[in-house]
Amino acid sequence: TFGAQTEKIPEGIVLSFRAGNAAELSKFFHNNVELIILEKEDVYSRSQAEQIIRKFFSEHKPEAFRIIFEGGKENSRYAIGSLETSEKSYRVYILMKKQEGSPLIHQLRIEEEEDNVQ
């Protein structure tokens with residue numbers, strides 16, 4: 001059996017990033033989410049986190065998003081993604097833990113790519 005190895009980051013998360021849809025993305029947030037966005041770090045409620053992500057998406061319009069790497073154990077998964085926006089590329093780190101059978105985002109980190117050269 002493959003078990004935890006086959007469990008991927010939910011497609012809805014990928015689609016939310018591609019569309020820049022904070023409301024949809026927030027459906028995957030745990031009640032409290034640690035956000036690290038461009039040097040600003042704190043723990044926020046789901047609704048606060050949604051507002052912050054909405055602001056990020058409005059200032060950095062997503063053009064493409066893809067998962068580069070995924071891993072983890074039974075109850076926790078992580079993914080590293082690449083977010084392309086109109087002006088820059090960002091590295092996205094997602095940490096998810098299972099709560100009542102559903103994977104929820106506990107930590108979300110968005111930082112500039114080291115080499116923002118096209």
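Lys-55 and Glu-59 both fall within helix H3 (residues 46-59), at a spacing of 4 residues, or about one turn of the helix. Helices (H or I, at least four residues) and strands (E, at least two) are taken as DSSP runs and numbered from the N terminus. The two side chains form a salt bridge in which the closest N and O atoms are 2.7 Å apart. A salt bridge is defined here as a side-chain nitrogen of Lys or Arg within 4 Å of a carboxyl oxygen of Asp or Glu. Glu-59 is classed as partly exposed because its relative accessibility is 45%, the class lying between buried (under 20% relative accessible area) and exposed (over 50%), with a 1.4 Å probe and protein chains only.

The model is predicted; local features require pLDDT of at least 70 and side-chain atom pairs count only at pLDDT 80 or more, whereas totals for chains, interfaces and linings use all residues. Residues are numbered from 1 along each chain as its sequence is written, and side-chain values use heavy atoms, with hydrogens and water left out.

Under the salt-bridge rule the count is 6. Side chains of opposite charge can pair when their charged atoms come close. Among the 6 salt bridges is the contact of Glu-24 with Lys-27, with an N to O distance of 3.1 Å. Lys-27 counts as exposed because its relative accessibility is 57%, while Glu-24, at 33%, counts as partly exposed. A further salt bridge joins Arg-109 and Glu-111, at 3.8 Å from N to O. Arg-109 has a relative accessibility of 28% and is therefore partly exposed; Glu-111, at 27%, is also partly exposed.

Ile-68, Phe-69 and Tyr-78 make a nonpolar surface patch of about 280 Å². Patches consist of residues with over 30% relative accessible area and no salt bridge, like charges being joined within 9 Å and nonpolar side chains (Val, Leu, Ile, Met, Phe, Trp, Tyr) within 5 Å. Accessible areas were computed by the Shrake-Rupley method with a 1.4 Å probe; for residues, only the protein chains shown count as cover. Tyr-78 belongs to strand S4 (residues 76-85) and is partly exposed, with a relative accessible area of 37%.

Strands S1 (residues 29-37) and S2 (residues 40-45) are paired in the antiparallel sense over 6 bridges, pairing being assigned if DSSP finds at least two bridges between two strands. Within this pairing, Asn-32 stands opposite Ser-45 in S2. S1 and S2 form a hairpin with 2 residues between them, and Leu-38 in the turn has a positive phi of about 45 degrees.
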